[in-house]
Protein chains: 2
Amino acid sequence: MEYTAAKEKFINTWGSLGTLWGINKAMAQIHALLFISPTPLSMEDVMEELHISRGNTSMNLRQLIEWGIVYKTSIAGERKEYFTSEKDVQELARTIAKERSRREIQPTLKVLKEVCSIKDDGTEKTKELIKKTKELYDLAETADIMLNKIVNQEQNWLTKTLVKLLK
Amino acid sequence: MEYTAAKEKFINTWGSLGTLWGINKAMAQIHALLFISPTPLSMEDVMEELHISRGNTSMNLRQLIEWGIVYKTSIAGERKEYFTSEKDVQELARTIAKERSRREIQPTLKVLKEVCSIKDDGTEKTKELIKKTKELYDLAETADIMLNKIVNQEQNWLTKTLVKLLK
DNA sequence: CTAAACTTTCAGTAATTACTGAAAGTTTAT
DNA sequence: ATAAACTTTCAGTAATTACTGAAAGTTTAG
């Protein structure tokens, strides 16, 4: 496999993975493209490379910037804006984990807490609801703490130790 | 908040969370309903409770069974089939982690491996593609190993130790 | 200030995904 | 066998989500 094929394969795979996770295809593909590009790309570059419209490119780039994994950069003497992605995979993982926690896990925890604090009226179904939501709450909280802490470590002593420990 | 409201809130939240993760709403809601129900429910029960059609219920129940988090049960003397969800949250997490790894992470790893094994033709863009896909491969592999190992532990010494360690 | 170069917005449309309901299929009791 | 009780399938349709392209907006250079 040579460069162009490999690149397309990577971009497509990343795109479908995104879809599977509720991230739209264009957004994931733009990210993939920038991630492997050694130089910043302009909107035109992205449009051409992925065959998507100007509007689509603009909207998805904005979202990626909001997520904090793509940056605008200026190139001296150029009028156009250029875009680069975060290049450090550790930092990428950290940003994504933080965002997902903030947007999904935290709100869920909030609801679970509310639900499991209802008054116990003594019926079995109420007891079950309280018990199960409490268990889910504990699980989600543990998972969230671990996710964030792991991803925030300097990645050396901890991860490597753990991986060895767990293999 | 009393029982009915709490239950609805839980089912709805679970449903939208599902959507966000690429699981359809009906499927997530059926799971939620069974998860908090102290007794097995029939297809009719589910249809009524969630106001969804017979076909929809049948298809989503089947998917949940395929995922291994919902079971068919028979009730003595009853013609109808009844359904229950896995009630142990640890086991639930374990099953989901295993499935996601199998369906998503493994195929991605495979492609990343292929892409980062292309011949290095010496150009900068090729070097960058190889380097970045290699880094992603390592990250995904580590994440996958940790996810599975953590979720497969007996949940006591390891998780508790880690949570304390990392807090 | 004006015009060129560029970006954003958004109404309309296309593509995708989920849902319904009725017909076909299956199982069980007699 | 057959009929009742139940489940699955799937063509058609509805709902959701993503994309386009052109108009409106913004910035910069002269």
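Ser85(B) counts as buried because its relative accessibility is 2%, where buried means under 20% relative accessible area, exposed over 50% and partly exposed in between, computed with a 1.4 Å probe on protein chains only. The model is predicted, so that local features need pLDDT of at least 70 and side-chain atom pairs count only at pLDDT 80 or more, while totals for chains, interfaces and linings use all residues. Residues are numbered from 1 along each chain as its sequence is written, chains are lettered from A and ligands numbered from 1 in the order in which they are written, and side-chain values use heavy atoms, with hydrogens and water left out.

Ser85(B) is placed in strand β3 (residues 81-85) of chain B; helices (H or I, at least four residues) and strands (E, at least two) are DSSP runs, numbered from the N terminus. Not counting residues up to four places away in sequence, Ser85(B) touches His31(B), Leu34(B), Phe35(B), Ile69(B), Val70(B) and Tyr71(B), contact meaning heavy atoms within 4.5 Å.

In chain A, three strands form an open sheet in the order β1-β3-β2, with antiparallel pairing. The edge strands, β1 (41-42) and β2 (70-74) of chain A, each pair on one side only. Two strands pair if DSSP finds at least two bridges between them. Strands of a sheet pair through backbone hydrogen bonds, either parallel or antiparallel. Two bridges link β1(A) with strand β3 (residues 81-85) of chain A in the antiparallel sense, and five bridges join β2(A) to β3(A), also antiparallel. Tyr82(A) in β3(A) has Ser42(A) opposite it, and Thr73(A) likewise stands opposite Tyr82(A). The hairpin of β2(A) and β3(A) has six residues between the strands, and Gly77(A) takes a positive phi near 80° there. Helix α2 (residues 25-36) of chain A lies across β1, β2 and β3 of chain A and runs at about 85° to β3(A); axes are lines fitted to C-alpha atoms, for helices over the stretch in contact, and angles run from 0 to 180 degrees between N-to-C directions.

DNA strand C is surrounded by 17 residues, of which Ser58(A), Arg62(A), Ser53(B), Asn56(B) and Arg79(B) are the closest. A residue is near a strand if one of its heavy atoms lies within 4 Å of it. The surface near DNA strand C divides into four nonpolar, six polar and seven charged residues; Ala, Val, Leu, Ile, Met, Phe, Trp, Tyr, Cys and Pro count as nonpolar, Asp, Glu, Lys and Arg as charged, and the others, Gly among them, as polar. The largest share of this surface, five residues, comes from α4(A). A polar side-chain atom of Arg79(B) is 3.2 Å from a base oxygen of DNA strand C.

Around DNA strand D there are 18 residues, and Ser53(A), Asn56(A), Arg79(A), Arg62(B) and Arg79(B) come nearest. The residues of the surface near DNA strand D comprise four nonpolar, seven polar and seven charged. Here α4(B) supplies the largest share, five residues. A phosphate oxygen of DNA strand D lies 3.2 Å from a polar side-chain atom of Asn56(A), and a base oxygen is 3.1 Å from an N or O atom in the side chain of Arg79(A). Of the atoms of DNA strand D within 4 Å of the protein, 63% belong to sugar or phosphate and the rest to bases.

Definitions and conventions
Polar contact = N/O pair within 3.5 Å; in protein donor to acceptor, adjacent residues only side chain to side chain.
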